[in-house]
Amino acid sequence: NEVTTSGETVRSGENFIDNGLVRVEFDLDTGVICRLERCSDGQPLVKKMHRFRAPGSGVQKCVNVRWLARGPLLVAVELTIVVPMPGGKMCRIRARISVEAGLTWVDLDQRITKCPPIPGDPWEAHLGMEIELPGKGFGLQRSHYNVLENARQARIFSHNLLVAEKDSMR
């Protein structure tokens, strides 16, 4: 599916969305974003992301893929992800991924539609999303409470806003 508008192209396939500036590839079995790259040079911006974790949780599974938009300006997909929890319980997440023509970012919107209580300190014991960098020289900036700060770890959980770029830690 490819549409051109004013020289800008938005594309989608079975497991990817692409606007010519950024490309997102996702695993249909797990819902994990397995590649987020800059299209100009193929540079990966994150190694893996969209892995949901909680204390004692199992491996997540994508149980439904629904295309919300495949038009000339927007490509959007919704993944329904389940995460097994202790005691046979499940967390259910509705995750939307979209790109728009001409924009250099990806919109990620995760809505937890079901989650059993998780015991412990909620700052440490909660359902979070894991993000892993592709290698050295890459950095993450995240925003909590409207302040953009460097994340010094190679992996972070539970972001509000994420900016990934090579050599951002200088």
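# Briefing: strands, salt bridges and cysteines

A search of the whole structure finds zero disulfides, a disulfide being a pair of cysteine sulfur atoms within 2.5 Å. This is a predicted model, in which local features need pLDDT of at least 70 and side-chain atom pairs count only at pLDDT 80 or more, while totals for chains, interfaces and linings use all residues. Residues are numbered from 1 along each chain as its sequence is written, and side-chain values use heavy atoms, with hydrogens and water left out. The protein chain has 16 strands and zero helices; both are DSSP runs numbered from the N terminus, helices being H or I of at least four residues and strands E of at least two.

- C115 is in no disulfide, and the nearest cysteine sulfur, that of C91, is 3.0 Å away.
- C115 counts as partly exposed because its relative accessibility is 33%; buried means under 20% relative accessible area, exposed means over 50%, and partly exposed lies in between (1.4 Å probe, protein chains only).
- C34 also has a relative accessibility of 33%, so C34 counts as partly exposed.
- In general, a disulfide is a covalent bond between the sulfur atoms of two cysteines.

**The chain as a whole**

- The protein chain has 170 residues, and buried residues make up 37% of them.
- The accessible surface of the protein chain comes to about 9,400 Å², and carbon and sulfur atoms account for 50% of that surface; the areas come from the Shrake-Rupley method with a 1.4 Å probe, and for residues only the protein chains shown count as cover.
- Of the contacts in the protein chain with a separation of 6 or more, 46% are between residues 24 or more positions apart; contact means heavy atoms within 4.5 Å.

**The four-stranded sheet**

- Four strands form an open sheet in the order β8-β9-β10-β11, with antiparallel pairing; two strands pair if DSSP finds at least two bridges between them.
- The edge strands of this sheet are β8 (61-70) and β11 (107-114), each of which pairs on one side only.
- From one strand to the next, the twist averages 15 degrees; the axes are lines fitted to C-alpha atoms (for helices, over the stretch in contact), and angles run from 0 to 180 degrees between N-to-C directions.
- Strand β10 (residues 90-100) runs antiparallel to β11, and seven bridges join the two.

- S98 lies in strand β10, and the bridge partner of S98 in β11 is D107.
- With a relative accessibility of 13%, S98 counts as buried.
- Not counting residues up to four places away in sequence, S98 touches I17, L74, V75, A76, V106 and D107.
- L74 is placed in strand β9 and counts as partly exposed at 32% relative accessibility.
- Leaving aside neighbours within four places in sequence, L74 is in contact with V10, A69, S98, V99 and E100.
- The C-alpha atoms of L74 and V99 are 6.0 Å apart in space, while the two residues are 25 residues apart in sequence.

**Salt bridges**

- In general, side chains of opposite charge can pair when their charged atoms come close.
- A search of the whole structure finds nine salt bridges, a salt bridge being a side-chain nitrogen of Lys or Arg within 4 Å of a carboxyl oxygen of Asp or Glu.
- R38 forms a salt bridge with D41, and the closest N and O atoms of the pair are 3.0 Å apart.
- R38 is partly exposed, with a relative accessible area of 29%, and D41 is partly exposed as well, at 47%.
- D18 and R11 meet through their side chains in a salt bridge at 3.3 Å, N to O.
- D18 counts as buried at 7% relative accessibility, whereas R11 counts as partly exposed at 27%.
- The side chains of E78 and R96 meet in a salt bridge at 2.8 Å, N to O.
- E78 lies in strand β9 (residues 74-84) and R96 in strand β10, so this pair ties together parts that are 18 residues apart in sequence.
- E78 counts as buried at 3% relative accessibility, whereas R96 counts as partly exposed at 34%.
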